[in-house]
Amino acid sequence: MVKAAIAIHGGAGAIARASMSAEKEQAYIQALSDIVSRGQAMLAEGRSALDAVTEAVRLLEECPLFNAGKGAVFTHVGTHELDASVMDGRTLEAGAVAGVSRIRNPVLAAREVLAHSPHVLLIGEGAEKFAAERGLERVAPDFFSTDERREQLERALASEQVLLDHDGAAQASGDPLDPDRKFGTVGAVALDLEGNLAAATSTGGMTNKQVGRVGDSPVIGAGCYANNANVAVSCTGTGEVFMRTLAAYDIAALMAYAGLSLKEATDRVVMEKIPAFGGSGGLIAIDREGNIALPFNSEGMYRGYGYVGDAPNVGIYRQQ
């Protein structure tokens, strides 16, 4: 009997716990718990893993605490460019969008690409047009803006730095992640009652990034991967390194070809391979037997998971 489960993440980084207010911590914990609970309920109803991860990431996009959708960070010129991907482990079908700025929920656009396009990845205006034709909600570009993200851009411009995701947030907002090492990608992985795996990933990118930069989140095999043969993976971290190492697919390859367990494979990639190239971050993964791994090489990662019938388990810091 399959033990259906879902896991989510809201970004990894070096946690400055002293800067976390009780109210802010509770807001993160509540958001993570609510989204895990929603995924559990969908799986309990017999919904597919693909449906569950899509909805979980949509909810993360709707929450301004995280750098995806509403609350996405700004590019160097003060615009937003959002990326997302989904993959169905049952069929190996995948869909992704990159560099979009008018689609309310990029993960829904990625899902439409998977279901209704012969392509895997659409970018920019082409992705926007496709999403509009599929009836997805369009918003004004400033829909994604928040005062906190604007302040982060202003600090980054003043210091002439490109800041990873919500870098610079700690000083101004009480965000618990270190201002120099924050990765705000969100994601979800799930195993459904039929034994199918799926993964989804979404991000607002990097504060002060060059217009047109695309990270690992919409790249199948780098920031997102799912295969019923072994595992579903969603990553958060130094995007360029996760792309160079094909981090998400590498988990599956280590399990398939080297016979590693889920824990062994995820630890090898996150604790050895990514740091060897100067990268930082983490990932969430679930294998076909329902084992879950949530490794990160930073001090913390927003994360949560839950098996159907159990209470959600959520954490931010290393010791949770």
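How many of the residues of helix H8 are buried? Of the 11 residues in H8 (247-257), 8 are buried, where buried means under 20% relative accessible area, exposed over 50%, and partly exposed in between (1.4 Å probe, protein chains only). The views below belong to a predicted model, in which local features need pLDDT of at least 70, side-chain atom pairs count only at pLDDT 80 or more, and totals for chains, interfaces and linings use all residues. Residues are numbered from 1 along each chain as its sequence is written, and side-chain values use heavy atoms, with hydrogens and water left out.

**View 1. Helix H8 is mostly covered.** The buried residues here are Ala247, Ala248, Asp250, Ile251, Ala252, Ala253, Leu254 and Met255. Their cover includes strands E8 (224-227), E9 (231-237) and E10 (281-287), along with helices H7 (239-244) and H9 (262-276). Helices (H or I, at least four residues) and strands (E, at least two) are DSSP runs, numbered from the N terminus. After H8 comes Gly259, with a positive phi near 70 degrees.

**View 2. Helices H8 and H9 cross at roughly 135 degrees.** Their axes come within 9 Å; these axes are lines fitted to C-alpha atoms, for helices over the stretch in contact, and angles run from 0 to 180 degrees between N-to-C directions. The two helices are therefore oblique to each other: angles under 35 degrees count as roughly parallel, over 145 as roughly antiparallel, 65 to 115 as roughly perpendicular and the rest as oblique. Look for Ala247, Asp250, Ile251, Leu254 and Met255 of H8, which meet Leu262, Ala265, Thr266, Arg268, Val269, Lys273 and Ile274 of H9. Contact means heavy atoms within 4.5 Å.

**View 3. Helices H1 and H2 pack at an angle of about 160 degrees.** H1 spans residues 22-44 and H2 residues 49-62, and their axes are 9 Å apart. That angle makes H1 roughly antiparallel to H2. On the H1 side, the contact is made by Ile35, Arg38, Gly39, Met42 and Leu43, and on the H2 side by Ala49, Asp51, Ala52, Glu55, Ala56, Leu59 and Leu60.

**View 4. Asp51 sits in helix H2.** Leaving aside residues up to four places away in sequence, Asp51 touches Met42 and Arg111. With Arg111 there is a polar contact between side chains, at 2.8 Å. A polar contact is a pair of N or O atoms within 3.5 Å; within protein, one must be able to donate a hydrogen and the other to accept it, and residues adjacent in sequence count only if both atoms are side-chain atoms.

**View 5. Thr203 belongs to strand E7 (residues 197-203).** Thr203 is buried, at 5% relative accessible area. The side chains of Thr203 and Thr185 make a polar contact (3.5 Å).

**View 6. Leu92 and Leu246 are two loop residues.** Most residues other than glycine have a negative phi. Leu92, however, has a positive phi near 65 degrees, and Leu246 has a positive phi of about 45 degrees. Find Leu92 in the loop between strands E2 (82-88) and E3 (94-100), where Leu92 is partly exposed at 43% relative accessible area. Leu246 lies in the loop between H7 and H8 and is partly exposed at 39%.
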